[in-house]
Amino acid sequence: MAKAFIGLGSNIGDRRKHLLAALAGISDLGTVTVGSPVYETDPIGNIDQDPFENAVVGLDTTRSARDLLAGLVEIEDRNGRRRDVRWGPRTLDLDLLWYDGQVIAEPELIVPHPRIRDRKFVLAPLVYAAPSLADQDGPYADSLAAVDDQMVRRVTGQLDPRTLRWLAGIGSALELRGSDGTYVVNLACDWENLNGSMFGGYLGAAVLAAAAAEHPDKVPTTLTYRYLRPVPCGGEALLAVEHNRRTDRSADLSVSVWIDDLEYGRAHLSVVTDRGQVVASPAVPQVLPMHRCRPLDELIDAVGQEPGNSVRSWRPLENWDIPDLVDGTSGVVRAWCPNPVEGLDDSYLSAAGLFMAVDALVWPAAMLAAGRLGDRAIYTPTVEISTRFADTERLGGWCIGEARVDHLTTKWVAGTIQVWAGDGRHAATGHSLNLAIG
């Protein structure tokens, strides 16, 4: 059985339909094991054409590299691929990027693909799907910084290989209906937690979406969310916004989350027209490179738990053998956190991604403090999260999160979380209060 990674692209007609058709065909060539989110990217070259949608999938296959390539070409042909213009528009473009660590240079077959490291629309989804993947020149993740100036826009969550569908991205999962302080959101089960309720980060993101609807010209500075009870996935939630204070330059809001006339959560947040520049902040910590970490869904699966969809779709990278991602001695948990709205110029959605890191990282930090990291028996439901946003502008593809436990009792866990952008800018500070249930 060989492992292969395949790049998918389309920019003609219904792009997502073409990508789904490609997935169906690829699944006949082996077993799809993992898949990146879909990224929208601008075309290369000087040809006037529409943006592409791109993704990468991993495949276990018994086919040789040559036979696999032939199967990919056949899928392209079935979906109307034309090859009359180099780098021109296409219904479907399938590239064999990597095949079982082999180096092959034959007519019409070169693997690894020679331009992986030069093209962010290939490199970003490949690293998301397989952060430890490497070739003879080293780990692919180490090349991300070199293409940081190339713009890609993440538009979905990652692929669910069990159902061959892309999970809803946080942006599309937060489409609100309503106006004037009353909004309705569909509780997308693609953002459910390990226990089947909605991921706390999603609920904070929904509150931020409501604030954005009220104040699109401002940016968030603080958000505190109090969990009154777990929110079940599916159905609808009502977001009721109340202004506690409002001026031309700033506003303080309260947002309540209601389902069937029962209040499930309550938030307080502040927004301003100009947050100001960061002039002093905690220094970004030294961390292990991405290729030495594992996606959180794989770590959770390894201890016998079923990861929730939110973990699959968001996929932070951690290392439970070296919890702090440096030397295992500092007593903190550090993680690489993907930006779920990479490429979208929306301060509220960027803040939502930071809030997700604040919510998620206290859990492994609590297990580390209790000496039970990797033990599936401990459960730490969140009671309250507060976050202060320092910089939410153009955070790039990945952030670095650091969580430490301030105190741990038999009933409570209190922790502090810092988040930095991948380029070292300090992005947020958070505090989380959790129940400690063993």
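Predicted model: local features only at pLDDT ≥ 70, side-chain atom pairs only at ≥ 80, totals over all residues.
Setting aside neighbours within four places in sequence, the residues in contact with Met 356 are Trp 191, Phe 199, Gly 201, Trp 314 and Pro 340. Met 356 and Gly 204 are separated by 152 residues in sequence, yet their C-alpha atoms are 7.9 Å apart in space.

## The packing of α4 against α7

Two packed helices are described by the angle between their axes together with the distance between those axes. For helix α4, which covers residues 200–214, and helix α7, which covers residues 347–369, the axes come within 8 Å and cross at roughly 155°. Because of that angle, α4 is roughly antiparallel to α7, and the crossing in which α4 passes α7 is right-handed.

On the α4 side, the residues that meet α7 are Gly 200, Gly 201, Gly 204, Ala 205, Leu 208, Ala 211 and Ala 212, while α7 contributes Tyr 348, Ala 351, Ala 352, Phe 355, Met 356 and Asp 359. Sorted by class, this contact of α4 with α7 holds nine nonpolar, three polar and one charged residues.

## The packing of α1 against α2

Helix α1, made up of residues 15–27, packs with α2 at an angle of about 145°, and the axes of these two helices are 10 Å apart. The crossing of α1 and α2 is right-handed. From α1, the residues Ala 22, Gly 25 and Ile 26 meet Leu 72, Ile 75 and Arg 78 from α2, and by class the residues of this contact divide into four nonpolar, one polar and one charged.

Glu 74 also lies in helix α2, which spans residues 65–78, and with a relative accessibility of 47% Glu 74 counts as partly exposed. Glu 74 and Gly 25 are 49 residues apart in sequence, and the distance between them in space, taken from C-alpha to C-alpha, is 9.1 Å.

The buried residues of α3 are Lys 120, Phe 121, Val 122, Leu 123, Ala 124, Pro 125, Leu 126, Val 127, Tyr 128 and Ala 129.

The loop between β7, residues 109–111, and α3, residues 120–129, is the place of Pro 112. The peptide bond that joins Val 111 and Pro 112 is cis, with omega at about -5°.

## Asn 319 and its polar side-chain contacts

Asn 319 is found in the loop between β20, residues 317–318, and β21, residues 333–338, and because its relative accessibility is 11%, Asn 319 counts as buried. When neighbours within four places in sequence are left aside, Asn 319 is in contact with Leu 288, Arg 292 and Leu 325.

## Exposed residues in loops between strands

Asp 261 occupies the loop between β17, residues 250–259, and β18, residues 262–272, and at 77% relative accessibility Asp 261 counts as exposed. Although Asp 261 is a residue other than glycine, its phi is positive, near 65°. Arg 394 is placed in the loop between β22, residues 382–389, and β23, residues 398–408, and at 52% relative accessibility Arg 394 counts as exposed, the cut-off being over 50%. Phi of Arg 394 is near 45°, again a positive value in a residue other than glycine.

Lys 411 belongs to the loop between β23 and β24, the latter being residues 412–421, and Lys 411 is exposed, with a relative accessible area of 58%. Apart from neighbours within four places in sequence, Lys 411 is in contact with Asn 434, Leu 435 and Ala 436. Of these residues, Asn 434 is 23 residues from Lys 411 in sequence and 8.5 Å from Lys 411 in space, C-alpha to C-alpha.

Terms used. Residues numbered from 1 in each chain as written. Heavy atoms only, no water. Helix = DSSP H or I, 4+ residues; strand = E, 2+ residues; numbered from the N terminus. Buried < 20%, exposed > 50% of the residue type's maximum accessible area, 1.4 Å probe, protein only. Axes fitted to C-alpha atoms, helices over the stretch in contact; angles between N-to-C directions. Parallel < 35°, antiparallel > 145°, perpendicular 65-115°, else oblique. Left-handed = near helix turned anticlockwise from the far one by under 90°. Contact = heavy atoms within 4.5 Å. Nonpolar A, V, L, I, M, F, W, Y, C, P; charged D, E, K, R; others polar.
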